[in-house]
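Please look over the sequence and the structure shown here.

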Amino acid sequence: MLFGTGHPHRLLGFYAALADALSAAGCTVLTSAQGSSVDITTRFGLRTYNLDYVQGVALVREPGARPTGSETGAHTHSPLPVRAVLAAAAEGDGPLPELVVGDHGWVCGAGQLGFEAIGLADTDDPALFVGEAEGQVSVVVPLDDAVRSDYYRPLTRYVLNRACLSQ
C-alpha cells in the first residue's frame, strides 16, 4: 500500500490512522524515495520539494522548512510526487503498491499509470471524480478537504470499523 496526501495540514491524521491499522494487520506500507527531490511548476514558478513520510503517509515539503518527519507539508495537486515514488519503487527501492490511497495528484497520478487507486476528493475539485468516471480511479469519497483535521475523526472511525481494523 502507498499513502500520499497533497493536504497534509488537514488529511494527514486520516491517512496515518489507516496506514497504522493496515501495518498492524500485516500490510506493507511503502516509503520509497524518502528524501528525494521533486520539481513542481507552480503559479509562482518552479519549486523544488522533498518527499517525506509521516506515520507512513507520503507528502512533500519545501527543503529546510521543517525537520524530516514533522507533520506539516506543502499543499499540492501535482501527480509528480507519486510518479517519483513509483519510479523509485520500480527501480528497486521497494515493491510496487497494490493500492494507492490518497487525494489529488497522488490518486490521479497513480491511476493514470495503471495502479489501483482510491481517495478522498474535495467536492469543488473535479479531478478525482473525472478519474473515476474514466475508470482510472476505483473509488472516490467526496468531502470538504478544508475543515479542521479533527472533523475527519468520524470518517476515520467509520472506515476502520468497516474494514474490521478498529483497535
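## Model and numbering

This is a predicted model, in which local features need pLDDT of at least 70 and side-chain atom pairs count only at pLDDT 80 or more, while totals for chains, interfaces and linings use all residues. Residues are numbered from 1 along each chain as its sequence is written, and side-chain values use heavy atoms, with hydrogens and water left out.

## Nonpolar cores

In soluble globular proteins, nonpolar side chains tend to be buried together. A nonpolar core here is a set of buried Ala, Val, Leu, Ile, Met, Phe, Trp, Tyr and Cys residues joined through side-chain atoms within 4.5 Å. Buried stands for under 20% relative accessible area, exposed for over 50%, and partly exposed for values in between (1.4 Å probe, protein chains only).

The largest nonpolar core has 26 residues, and Leu2, Leu51, Val85 and Ala110 have the most contacts inside it. At least two of its residues come from each of strands S2 (37-42), S3 (45-54), S4 (57-61) and S6 (117-122) and helices H2 (80-93) and H3 (104-112). Helices (H or I, at least four residues) and strands (E, at least two) are DSSP runs, numbered from the N terminus. Leaving aside residues up to four places away in sequence, Leu2 touches Leu30, Tyr53, Val82, Val85, Leu86, Pro97, Leu99, Val100 and Val101, where a contact is heavy atoms within 4.5 Å. Another core, of 22 residues, lies apart from the largest one and includes Phe3, Leu18, Ala21 and Val29.

## Salt bridges

There are 3 salt bridges in the structure, each defined by a side-chain nitrogen of Lys or Arg within 4 Å of a carboxyl oxygen of Asp or Glu. Glu62 pairs with Arg47, with 3.9 Å between the closest N and O atoms. Glu62 is in the loop between S4 and H2 and Arg47 is in strand S3, so this pair ties together parts that are 15 residues apart in sequence. Glu62 is partly exposed at 39% relative accessibility, and Arg47 is partly exposed at 29%.

Arg61 and Asp52 form a salt bridge with the closest N and O atoms 2.7 Å apart, and both residues are buried. Arg148 and Asp150 form a salt bridge at 2.8 Å, N to O. Arg148 is partly exposed at 46% relative accessibility, as is Asp150 at 25%.

## Aromatic pair

Rings of Phe, Tyr and Trp (its six-membered ring) pair if their centres lie within 6.5 Å; planes under 30 degrees apart count as stacked, over 60 as edge-to-face and the rest as tilted. The count by this rule is 1 aromatic pair. Phe14 and Tyr15 form it edge-to-face, at 5.4 Å centre to centre and with 70 degrees between the planes. Phe14 is buried at 7% relative accessibility, and Tyr15 is buried at 0%.

Asp150, in the loop between S7 and H5, is 136 residues from Phe14 in sequence but 9.0 Å from Phe14 in space, C-alpha to C-alpha.

## Largest pocket

The largest pocket has a volume of about 370 Å³. On a 1 Å grid over the protein atoms alone, a pocket is an open set of points where a 1.4 Å probe fits, with protein on both sides within 12 Å along at least five of seven lines; lining residues have an atom within 4 Å of a point. Grid points are joined across faces, edges and corners, and the volume is the space filled by probe spheres set on the points.

The pocket is lined by 19 residues, of which Leu18, Leu99, Val101, Ile118 and Val159 are the closest to its centre. Helix H1 (8-24), S6, strand S7 (139-143) and helix H5 (153-162) each supply at least two residues of the lining.
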